[in-house]
Amino acid sequence: QLQVVESGGGMVQPGGSLRLSCAASGFTLDDYAIGWFREAPGKEREGVSCIMMSDGSTYVGDSVKGRFTISRDNAKNTVYLQMNSLKPEDTAIYHCAADRRVTTVQAMCGMVFLDWDYWGQGTQVTVSS
């Protein structure tokens, strides 16, 4: 089955860390742009961080800059989102998306396309004391 699957979410106290994974099955991510997006009740979908699998170029949104890091492991066909210094406002469902049409990380996180090739089911991140 061709899909991307997120994992690594959970509940953490403010200031804590989590590492999310986005793993592809049935296809290779090498030619794709990958993005992490989050959705919280009452808020618009936000492009958190994006990466080009081909050259490793990255984009990090202003709201998470300095706290979140995106990385890739082409051999494992997986993208990671390391989240440090988590805040309650980071609480959301985090989805990853993959698209082969997108040529820049800015376009991926800017949601130029909304009908991405692949969209995962998401993983819940809750930051609460």
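**Reading the strands**

Guide: Leu20 has Leu81 as its bridge partner, and Leu81 belongs to strand 8. Before we go on, this is a predicted model, where local features need pLDDT of at least 70, side-chain atom pairs count only at pLDDT 80 or more, and totals for chains, interfaces and linings use all residues. Residues are numbered from 1 along each chain as its sequence is written, and side-chain values use heavy atoms, with hydrogens and water left out.

Visitor: What counts as a strand here, and how many are there in the protein?

Guide: Strands are DSSP runs of E with at least two residues, helices are runs of H or I with at least four residues, and both are numbered from the N terminus. The protein has eleven strands and one helix. Going along the sequence, the pattern reads β-β-β-β-β-β-β-β-β-α-β-β.

Visitor: And which strands run antiparallel to strand 3?

Guide: The general idea is that two strands pair if DSSP finds at least two bridges between them. Here strand 3 (residues 18-25) pairs with strand 1 (residues 3-7) in the antiparallel sense, over five bridges. In that pairing, Val5 stands opposite Ala23. Strand 3 is also joined to strand 8 (residues 78-83) by six bridges, again antiparallel.

Visitor: Where do the side chains of a strand point?

Guide: In a regular strand they alternate between the two faces of the sheet.

Visitor: Is strand 5 largely enclosed or open?

Guide: You need the burial scale for that: buried means under 20% relative accessible area, exposed means over 50%, and partly exposed is in between, using a 1.4 Å probe and protein chains only. Six of the seven residues of strand 5 (residues 46-52) are buried, so strand 5 is largely enclosed by the rest of the structure. Over the whole protein, buried residues make up 44% of the 129 residues.

**Single residues**

Visitor: Which residues does Arg72 contact?

Guide: Contact means heavy atoms within 4.5 Å. Arg72 sits in strand 7 (residues 68-73), and its relative accessible area of 33% makes it partly exposed. Leaving aside neighbours within four places in sequence, Arg72 contacts several residues, including Ile51, Met52, Gly56 and Val79.

Visitor: What about Glu89: which residues does it touch?

Guide: Glu89 touches Arg38 and Lys43, not counting residues up to four places away in sequence. You'll find Glu89 in the loop between strand 8 and strand 9 (92-99), partly exposed at a relative accessible area of 45%.

Visitor: Which residues other than glycine have a positive phi?

Guide: Here are two to look at. Asn77 has phi near 55°; this residue lies in the loop between strand 7 and strand 8 and is buried, with a relative accessible area of 13%. Ser85 has phi near 50°; its place is the loop between strand 8 and strand 9, and at 40% relative accessibility Ser85 counts as partly exposed.

**The whole protein**

Visitor: How do I read the overall size?

Guide: The C-alpha atoms fill a box of roughly 40 × 25 × 25 Å along the principal axes.

Visitor: And what share of the contacts joins residues 24 or more positions apart?

Guide: Among contacts with a separation of 6 or more, such pairs account for 60%.
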